[in-house]
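Subject: Handover of a structure model

Dear colleague,

Please find the structure below for your own work. A summary of the findings follows it.

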Amino acid sequence: MTTTVCRQCNADTMPLRLGRLEGEEHGVHIVIEGLPALDCSNGHKRFPTPEFPLEFIQRMLGDEGLITAEPAVEKGLFRKRRLCPDCGTELSGEPNGKSTHQATVDVPDSEAVSVELSLPVQNCSCGREVTLPKSEVERGVMQAAANAFRSAEIPPG
Ligand SMILES: [Zn+2]
Ligand SMILES: [Zn+2]
């Protein structure tokens, strides 16, 4: 393995695993534990590669163990309506529950990272548990993760 030097001060960096990070956005709550990072002797942290944060978010979004609630179907251009994907009933009001799942997400060259994801859900009258439309789930996960990364004081890229 090649030694990487800190981009801010040129000191040698050491790999480390980050502790528990939390972030929230739009009712989407995320807890990430064990992200790999590099740390120099002067305390500058960064991710192993500039692409790592986005790749990690994409791995979370692709994990079927994390996102299990069915996304609502979104209809309407000006007044957005959310419909149950099973029976087509319009879901009125705001999501009133949470669907929380835990999974380990594989990352290159490191041990798997533990992730807990809570999505806002609503029960349809047919019994189906429905979450936000897919685009909103993706946006929420992305922003919640970005907020979690920010709490570790890692500069983006
Ligand atoms: Zn440094
Ligand atoms: Zn339904």
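The protein contains two helices and 12 strands, where helices (H or I, at least four residues) and strands (E, at least two) are DSSP runs numbered from the N terminus. Their order along the sequence is β-β-β-β-β-α-β-β-β-β-β-β-β-α.

Please note that this is a predicted model, in which local features need pLDDT of at least 70 and side-chain atom pairs count only at pLDDT 80 or more, while totals for chains, interfaces and linings use all residues. Residues are numbered from 1 along each chain as its sequence is written, chains are lettered from A and ligands numbered from 1 in the order in which they are written, and side-chain values use heavy atoms, with hydrogens and water left out.

Overall description

The C-alpha trace spans about 60 × 30 × 20 Å along its principal axes. Of the 157 residues, 37% are buried; buried means under 20% relative accessible area, exposed over 50%, and partly exposed in between (1.4 Å probe, protein chains only). Among contacts with a separation of 6 or more, 59% involve residues 24 or more positions apart, a contact being heavy atoms within 4.5 Å. The accessible surface comes to about 9,000 Å², and 48% of it belongs to carbon and sulfur atoms; these areas come from the Shrake-Rupley method with a 1.4 Å probe, and for residues only the protein chains shown count as cover.

Zinc ion (ligand 1)

The protein donors of this ion are Cys-6 (SG), Cys-9 (SG), Cys-40 (SG) and His-44 (ND1), at 2.0 to 2.3 Å from it. Donors are N, O and S atoms within 2.8 Å of the metal (3.2 Å for Na, K and Ca); water is not among the atoms, so sites may look incomplete. The arrangement around the zinc ion (ligand 1) is tetrahedral because its four donor atoms subtend angles of 103 to 116°; four donors count as tetrahedral if all angles lie between 85 and 135 degrees. For reference, the ideal angle for four tetrahedral donors is 109.5 degrees. The sequence spacing of the donor residues is C-x2-C-x30-C-x3-H. Cys-6, in the segment before β1 (13-17), and His-44, in the loop between β4 (36-40) and β5 (45-46), are 38 residues apart, and the pair links distant parts of the chain. Cys-6 has 4% relative accessibility and therefore counts as buried, whereas His-44, at 23%, is partly exposed.

Zinc ion (ligand 2)

Here the protein donors are Cys-84 (SG), Cys-87 (SG), Cys-124 (SG) and Cys-126 (SG), lying 2.3 Å from the ion. This site is also tetrahedral, with angles of 103 to 115° among the four donor atoms. The donor residues follow the spacing C-x2-C-x36-C-x1-C. Cys-84 lies in the loop between β8 (81-83) and β9 (90-91) and Cys-124 in the loop between β11 (113-123) and β12 (129-131), so the pair ties together parts that are 40 residues apart in sequence. Both Cys-84 and Cys-124 are buried.

Individual residues

Asn-10 has a positive phi of about 70°; Asn-10 is placed in the segment before β1 and counts as exposed at 58% relative accessibility. Glu-153 has a positive phi near 55°; Glu-153 is found in the segment after α2 (134-151) and is exposed at 69% relative accessibility.

Kind regards

Key: Four donors count as tetrahedral if all angles lie between 85 and 135 degrees; four count as square planar and six as octahedral if opposite donors are over 155 degrees apart and all others between 65 and 115; anything else is irregular.
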